[in-house]
Protein chains: 2
Amino acid sequence: MKIGIIGGGGVGQAIAAKLIANGHDVHLGIRNPSKEELAKDRMMAKPLIDWVRDTGGKVVTFAEAAKHGEIVFAATNGATAIDALKLAGAENLKGKVLIDISNPLDFSKGMPPALLPQYDHFTSLGEETQKAFPEARVVKAFNTVSASAMVDASFVPGDHDLFIAGNDVEAKKTVENLARKEFGWKSFVDLGDIVGARATEHLLPLWVRLWMIGGTPKVNIKLVKG
Amino acid sequence: MKIGIIGGGGVGQAIAAKLIANGHDVHLGIRNPSKEELAKDRMMAKPLIDWVRDTGGKVVTFAEAAKHGEIVFAATNGATAIDALKLAGAENLKGKVLIDISNPLDFSKGMPPALLPQYDHFTSLGEETQKAFPEARVVKAFNTVSASAMVDASFVPGDHDLFIAGNDVEAKKTVENLARKEFGWKSFVDLGDIVGARATEHLLPLWVRLWMIGGTPKVNIKLVKG
């Protein structure tokens, strides 16, 4: 399948690498895919020149990646997520499943981050993304676990959940099937329409806290209900 | 044991009723324990006059309840929580374990609530409570489940967690023992100092969402880690 990834940080690299390894035709988009940019250190990830060497992957512009993908992943940092998608172009996202992994984290006071106020109070980054790109089929998913767990659910041993939210039921089913087949996820919690993104984005303070205190990103949660 | 409850809504009533049934000497504090006030309908709970009839419990002022308790529960709504504790009196809370169950929910736009901005961005109600009452031993706990589950963990069948945060290790141990003995809780996640309250208060959007979508308050989560 042709897949476009918006964002060349740790999450974008991990998702793209896994899908390439699984045989898909993946284009990884960044703002400016120049030689100098590819050689730069990237936060919590390797320089893209090394990623290209290791994966055989292709780094292109945001717009080229979005145009290429039948499915598109939004995997930039939350603060610039919608700007990056604007550069990707609404016309290149139209009618496509857009998997929003971005978290609206505010690192302005260091660790732990808060949620960015503009995506927090009575809204979410998932909702604002759907509003900004009404013809994309936005599905919020994968944003509640580490990049290693996103692409391999067994990174966290045992039974735990992937939370999914979005307005388009078929698009959610596509994401669930992809998560199951490509990344080994087995348990899903459907949080309804894209307003459910508030719930998963608000999980980040717990997730970061558990990581800081427990010393391992091998954490997730399991829904228990009666 | 002598226990004081600050707040006569559904949560305060449930906690007080259970502890009375377990043989404790409990005083339930409200802002103004007049005859008229006791006869009033209370949001998501019965009039206190009925609660007194059913439990044999005693309704007093915030200050009287705080003074009475060796352990004090803060169980008002989040918006007025610190004001209610000011009425309870810092001198009546000094040196005591103060269990903060309140959630800083903003219902100004109806359901689902957001978090109150003043307790959200780089802080939490738990932290602000500890700052306002530096001599109280604040423990954030019980705020991530329904009142029915707070006082009887088996209300949600299966294995699931009670999240606890606070600066005072002994105080947290007291709360864990109380939760175990009085309310049947078996699994605990210690989120470290009171900054951990951010994580649990941010769980409310998920919790409310699960309730709205699943149609049952019989929900909680279980931490899964490697």
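## Interface between the chains

In this predicted model, chain B and chain A bury about 3300 Å² between them, and carbon and sulfur atoms give 70% of that area. Three residues, Phe122(B), Arg209(B) and Val224(B), supply 21% of the area that chain B buries against chain A, which is more than any other three residues. The contact involves 42 residues of chain B and 42 residues of chain A.

The count of salt bridges between chain B and chain A is 2. In one salt bridge, the side chain of Arg209(A) meets that of Asp193(B), with an N to O distance of 2.8 Å.

## Elements that form the contact surface

Several elements of chain B each supply at least two residues of the side that touches chain A: strand S7 (114-115), strand S10 (187-190), helix H10 (197-201), helix H11 (204-214) and strand S11 (219-225). Of the elements of chain B, S11(B) gives the most to this side, with 7 residues. By class, the side of chain B that touches chain A has 22 nonpolar, 9 polar and 11 charged residues.

Strand pairing also crosses from one chain to the other. Strand S11 (residues 219-225) of chain A and S11(B) run antiparallel and are joined by 7 bridges. Within this pairing, Val224(A) has Asn220(B) as its bridge partner.

## The sheet of chain A

In chain A, 8 strands form an open sheet with mixed pairing, in the order S3-S2-S1-S4-S5-S8-S9-S10. Strand S3 (58-61) and strand S10 (187-190) of chain A are the edge strands, each pairing on one side only. From one strand to the next, the twist averages 30 degrees.

Strand S2 (residues 25-30) of chain A pairs with S3(A) in the parallel sense over 4 bridges, and His27(A) stands opposite Lys58(A) in S3(A). Helix H1 (residues 10-21) of chain A packs on the sheet, where it touches strand S1 (2-6), S2 and strand S4 (71-74) of chain A. The direction of H1(A) makes about 165 degrees with that of S2(A).

## The sheet of chain B

Chain B has an open sheet of 8 strands in the order S3-S2-S1-S4-S5-S8-S9-S10, and the pairing is mixed. Its edge strands are strand S3 (58-61) and S10 of chain B, each of which pairs on one side only. The twist averages 30 degrees from one strand to the next.

Strand S8 (residues 137-140) and strand S9 (residues 161-166) of chain B pair in the antiparallel sense over 2 bridges; Lys140(B) has Ala165(B) in S9(B) as its bridge partner. Helix H9 (residues 169-183) of chain B lies across strand S4 (71-74), strand S5 (97-100), S8, S9 and S10 of chain B. H9(B) runs at about 155 degrees to S9(B).

## Local backbone features

The peptide bond from Met111(A) to Pro112(A) is cis, with omega near -10 degrees, and Pro112(A) lies in the loop between strand S6 (105-106) and strand S7 (114-115) of chain A. In chain B, the peptide bond from Met111(B) to Pro112(B) is cis, with omega near -10 degrees. Pro112(B) is placed in the loop between strand S6 (105-106) and S7 of chain B.

Phe142(A) is not a glycine, yet it has a positive phi of about 70 degrees. This residue, Phe142(A), lies in the loop between strand S8 (137-140) and helix H8 (147-150) of chain A.

Methods. Residues numbered from 1 in each chain as written. Chains lettered and ligands numbered in written order. Predicted model: local features only at pLDDT ≥ 70, side-chain atom pairs only at ≥ 80, totals over all residues. Heavy atoms only, no water. Contact = heavy atoms within 4.5 Å. Buried area = accessible area lost by both parts, 1.4 Å probe. Salt bridge = Lys/Arg side-chain N within 4 Å of Asp/Glu carboxyl O. Nonpolar A, V, L, I, M, F, W, Y, C, P; charged D, E, K, R; others polar. Pairing = 2+ DSSP bridges. Axes fitted to C-alpha atoms, helices over the stretch in contact; angles between N-to-C directions.
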